[in-house]
Amino acid sequence: MQFIIDNWYLIFIALASGGMLFLPMLRNAGGALSPQQAVQLMNREKAVVIDVCEPGEFAAGHVNGAKNVPLAQLQERLPAVVKNKSLPVVLVCASGMRARGAAAIARKLGYENAQVLAGGLKAWREAGLPVEKA
């Protein structure tokens, strides 16, 4: 017990360091994918990429092969665009915020493998991955 009292600051530093190592896992707990993980999912499991941006944003640049379904129309159009609900669905927007809401909608529709591209198209570009323009 005396050791703990005498070295409380070392124990605090050890716990803080452990917390910092654990923090990235908590951030990714929501099913967000890095751009590299998204590419692997697209290549290995034939994931469908759905861009939930508005048509003007989509035309300015989007992930290669992505299908544009604006967030406001997602509930109505997603079942027609992705008929197989067992396929992984990667939802993308400009920064990742709209895609989080889209993932919740997709899961309610039965797409259990719906995931978000963390950081959105911005992270995709920063990773140096190809972008199409319509």
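Contact here means heavy atoms within 4.5 Å.

## The model and its confidence

This is a predicted model, where local features need pLDDT of at least 70, side-chain atom pairs count only at pLDDT 80 or more, and totals for chains, interfaces and linings use all residues. Residues are numbered from 1 along each chain as its sequence is written, and side-chain values use heavy atoms, with hydrogens and water left out.

The score pLDDT is the predictor's confidence in each residue, from 0 to 100. The protein chain averages 91. In the chain, 94% of the residues score at least 70. Confidence is lowest in helix α2 (residues 8-27), with a mean of 81. It is highest in strand β2 (residues 48-51), at 97. Helices (H or I, at least four residues) and strands (E, at least two) are DSSP runs, numbered from the N terminus.

## Histidine 62

Histidine 62 lies in strand β3 (residues 62-63). Is histidine 62 buried or exposed? It is buried, because its relative accessible area is 4%. Buried means under 20% relative accessible area, exposed over 50%, and partly exposed in between (1.4 Å probe, protein chains only).

Leaving aside residues up to four places away in sequence, histidine 62 touches Asp51, Leu121, Val131, Glu132, Lys133 and Ala134. A polar atom of its side chain lies 2.8 Å from the backbone oxygen of phenylalanine 58. A polar contact is a pair of N or O atoms within 3.5 Å; within protein, one must be able to donate a hydrogen and the other to accept it, and residues adjacent in sequence count only if both atoms are side-chain atoms.

## Asparagine 68

Asparagine 68 has its place in strand β4 (residues 67-68). With a relative accessible area of 17%, asparagine 68 is buried. Its side chain reaches the backbone oxygen of cysteine 53 at 2.9 Å. A polar atom of that side chain also lies 3.1 Å from the backbone oxygen of aspartate 51.

Not counting residues up to four places away in sequence, asparagine 68 touches Asp51, Cys53, Glu54, Pro55, Phe58 and Arg77.

Which residues of helix α3 (residues 35-45) are buried? They are Pro35, Ala38 and Leu41. Seen down the axis of α3, these buried residues fall within an arc of 120°, so they line one face of the helix. The arc is that of the directions from the helix axis to the C-beta atoms. An α-helix has 3.6 residues a turn, so residues three or four places apart point the same way.

The cover over the buried residues of α3 includes β1 (32-33), β5 (89-92), β6 (114-117) and α7 (120-126). The face turned away from the buried side carries the exposed residues Asn43 and Arg44. Just after α3, lysine 46 takes a positive phi of about 55°.

Leucine 33 is found in strand β1. At 8% relative accessibility, leucine 33 counts as buried. Leucine 33 and valine 116 are 83 residues apart in sequence, yet 6.0 Å apart in space, C-alpha to C-alpha.

## Aromatic rings

The structure holds one aromatic pair. The rings of tryptophan 8 and tyrosine 9 have centres 6.0 Å apart and planes at 90°, so the pair is edge-to-face. Rings of Phe, Tyr and Trp (its six-membered ring) pair if their centres lie within 6.5 Å; planes under 30 degrees apart count as stacked, over 60 as edge-to-face and the rest as tilted. Tryptophan 8 is exposed, at 58% relative accessible area. Tyrosine 9 counts as partly exposed, at 40%.
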